[in-house]
Amino acid sequence: LNQNLPLRALSGEFYRAGKLPAWNPLIWTGTPLLSGWNAGSLFPGTFLFAFMPLALAWGINLALAPAVAAIGIYLLLRRFGTGEVAAAFAGAVFAYTGFMAGPVVHVGLIQGTAFTPWIILGLDFFFRPGRDEIKSPSIRQAFTNPQMQLWVVVLAISIAATVLAGDPRAISSSAVAALIYLIALLIRPRAHRITGIGLTVLA
């Protein structure tokens, strides 16, 4: 109530007036708003404050973060071969307990962290194609394959959303998790290293 909600509401006021939320004139002699971490001014959920009632926009932001996280964990574990029920349970546990539930007042932290499973999923897709995907793609095949292109977009959106959510702790946590998984993928036998690195850089 003292930080995250007012800053997002202020960003929404700027958007509603057709202006970029660059400067917050309400704190001290003014402070950066767009370049400030906590406002999350360019996070997609913040745009809801421009045309929705405050409580509804805030509620949707709070509800979407764990939903995005749960779906990401579910898809990641299904890709690993986990059963549907177990994957759904793991998604719910990740999204609604522990790290995601504890700091819920820091909305930027949970919004950014919600995209961590999606980042790992994208990396896994690039370096470890499944049975129905390209077996040993050349760089050209990988870059022109629609599935690969889709996951380049998903990874790019996930990384951008993590950054734009407005909390550096989400960025550092996601970066550490992604780096550890990336190292594991690189040392894995039969990994598509060159193609995977190229697609990751592209994203």
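# Aromatic pairs and buried residues

User: Why is Phe47 called partly exposed?

Analyst: Phe47 has a relative accessibility of 33%. Buried means under 20% relative accessible area, exposed means over 50%, and partly exposed is in between (1.4 Å probe, protein chains only). The value for Phe47 falls in between, so Phe47 is partly exposed. This is a predicted model, in which local features need pLDDT of at least 70 and side-chain atom pairs count only at pLDDT 80 or more, while totals for chains, interfaces and linings use all residues. Residues are numbered from 1 along each chain as its sequence is written, and side-chain values use heavy atoms, leaving out hydrogens and water.

User: How many aromatic pairs does a search of the whole structure find, and what makes the pair of Tyr15 and Phe47 tilted?

Analyst: The search finds three aromatic pairs. For Tyr15 and Phe47 the ring centres are 4.6 Å apart and the planes are at 35 degrees. Rings of Phe, Tyr and Trp (its six-membered ring) pair if their centres lie within 6.5 Å; planes under 30 degrees apart are stacked, over 60 edge-to-face, and the rest tilted. An angle of 35 degrees belongs to the rest, so the pair is tilted.

User: Where do Tyr15 and Phe47 lie?

Analyst: Tyr15 is in helix H1 (residues 4-16), and Phe47 is in the loop between strand S2 (31-32) and helix H2 (54-79), 32 residues apart. Helices (H or I, at least four residues) and strands (E, at least two) are DSSP runs, numbered from the N terminus. Tyr15 has a relative accessible area of 18% and is therefore buried.

User: What makes Phe80 and Tyr181 a tilted pair?

Analyst: Their rings are 6.3 Å centre to centre, with 40 degrees between the planes. Phe80 lies in the loop between H2 and helix H3 (84-96) and Tyr181 in helix H9 (residues 168-186), so the pair ties together parts that are 101 residues apart in sequence. Phe80 is partly exposed at 39%, whereas Tyr181 is buried at 18%.

User: Why does Leu109 count as buried, and which residues does Leu109 touch?

Analyst: Leu109, in helix H5 (residues 107-113), has a relative accessibility of 4%, so Leu109 counts as buried. Not counting residues up to four places away in sequence, Leu109 touches Phe99, Pro103, Asp167, Arg169 and Ala170, where contact means heavy atoms within 4.5 Å. The C-alpha atoms of Leu109 and Arg169 are separated by 6.5 Å.
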